[in-house]
Amino acid sequence: MRDKQGRNINYLRVSVTDRCNLRCIYCMPEAGVESLEHDDILRFEDILKIVKASASLGIKKVRYTGGEPLVMKDIDKLIYETSKLKGIEDIAITTNGILLADMAEDLKKAGLKRVNISLDTLDKDKFKMITRIGNLDKVLESIHKCLKLGIKPIKINTVLMKGINDTEFEDFLNLAREMPVEVRFIELMPIGESIKLYEDSKVNFEEIIREHSELIPIENRRGTTAQLYKIQGSKGKIGFISPISCKFCADCNKIRLTSIGTIKPCLHSKEEVNLREYLSSEELLMTKLKSAIINKPLEHHLEEERTSRTEKMMYQIGG
Ligand code: SAM
Ligand code: SF4
């Protein structure tokens with residue numbers, strides 16, 4: 001379905017939980033967050049109902065995220081049921097990779113097509129510093145497991161931050177040289193916990209690309225948010241995702257569903273449409289969804305305002 005700007009909205013991101021087994025410095029407060037009551041979170045059946053209604057409005061791709069999607073009980077069943085819905089062509093997850101090695105086989109059997117694994121550092125101690133509790137080996141094991149299972153593509157999400165992990169840029173290039181994965185460097189966005197880190201940590205991708213003549217641009221697939229590059233002889237690719245310096249709102253094809261049941265037509269807008277009260281009526285659910293899609297905001301204002309307009313945190317919305 002098209003929004004009023006004429007953008008074809010065919011991609012739904014679902015935050016299945018706001019709980020997480022890590023506490024990344026730019027995403028969650030150190031003390032963690034108060035867990036929502038069980039009743040405040042959408043149930044498995046509610047998520048499916050909304051995904052089904054979305055599919056009938058033209059959503060073709062679903063990404064389960066969070067918080068950490070793999071801490072949700074029955075995530076494999078949710079993927080399986082989603083794969084049976086008419087109109088859904090692609091199911092992906094974004095995960096921190098801690099639990100993935102043990103679950104990847106079941107998830108693939110359930111119908112998972114692709115994974116994005118978040119990994120901001122290849123250094124064990126720094127990994128502990130950034131995630132506050134994580135074990136890097138678990139994530140690396142997950143990447144190897146997904147490669148072994150033939151899950152394709154595997155994308156590595158790396159939020160590049162000055163003074164924190166920017167010195168590892170070359171190490172990540174080497175990862176893309178050696179492994180058939182797409183390493184995607186992502187600009188830190190000033191939202192939630194990262195607002196306080198933003199000014200000191202932002203990096204200039206254009207400058208980095210200019211300084212690395214070994215990066216060979218490749219033509220972008222349609223609808224991709226990353227500027228893609230290859231290195232001579234590399235098994236993998238490198239991408240740069242610049243939501244602020246190279247805004248892609250004009251091509252945005254996404255809406256988001258939060259774990260409490262609100263649709264966020266734009267990540268950085270305050271606007272939300274609460275679907276919980278319409279779950280018992282398919283007709284009303286569709287009407288509300290349609291109106292959320294049609295009225296999707298034109299664009300974000302991160303560059304001018306230096307902060308997101310949303311009051312929600314990334315772990316509540318899902319990246
Ligand atoms: N827990 C899962 C994970 O970390 O992959 C899924 C949820 S997490 C919110 C999704 C993605 O958002 C991660 O790749 C994370 O690095 C990214 N992210 C979180 N806060 C961000 C920020 N302020 N700017 C840019 N990316 C951010
Ligand atoms: Fe958890 Fe993902 Fe946020 Fe890190 S980025 S705290 S793994 S939700």
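A residue is called buried under 20% relative accessible area, exposed over 50%, and partly exposed in between, using a 1.4 Å probe and protein chains only. This is a predicted model, in which local features need pLDDT of at least 70 and side-chain atom pairs count only at pLDDT 80 or more, while totals for chains, interfaces and linings use all residues. Residues are numbered from 1 along each chain as its sequence is written, and side-chain values use heavy atoms, leaving out hydrogens and water.

**Nonpolar core**
- A nonpolar core is a set of buried Ala, Val, Leu, Ile, Met, Phe, Trp, Tyr and Cys residues joined through side-chain atoms within 4.5 Å.
- The largest such core has 95 residues, and Tyr64 and Phe185 have the most contacts inside it.
- Helix α1 (residues 44–56) gives the most to this core, contributing 6 residues; helices are DSSP runs of H or I with at least four residues, and strands are runs of E with at least two, numbered from the N terminus.

**Salt bridges**
- The structure holds 15 salt bridges, each a side-chain nitrogen of Lys or Arg within 4 Å of a carboxyl oxygen of Asp or Glu.
- Asp137 pairs with Lys124, with the closest N and O atoms 3.0 Å apart.
- Asp137 is in helix α5 (residues 136–149) and Lys124 in helix α4 (residues 124–131), so this pair ties together parts 13 residues apart in sequence.
- Asp137 is partly exposed at 36% relative accessibility, and Lys124 is partly exposed at 49%.
- Glu311 and Lys270 form a salt bridge, their closest N and O atoms being 3.4 Å apart.
- This pair links distant parts of the chain, 41 residues apart.
- Glu311 is exposed at 64%, and Lys270 is exposed at 54%.

Notes:
Chains are lettered from A and ligands numbered from 1 in the order in which they are written.
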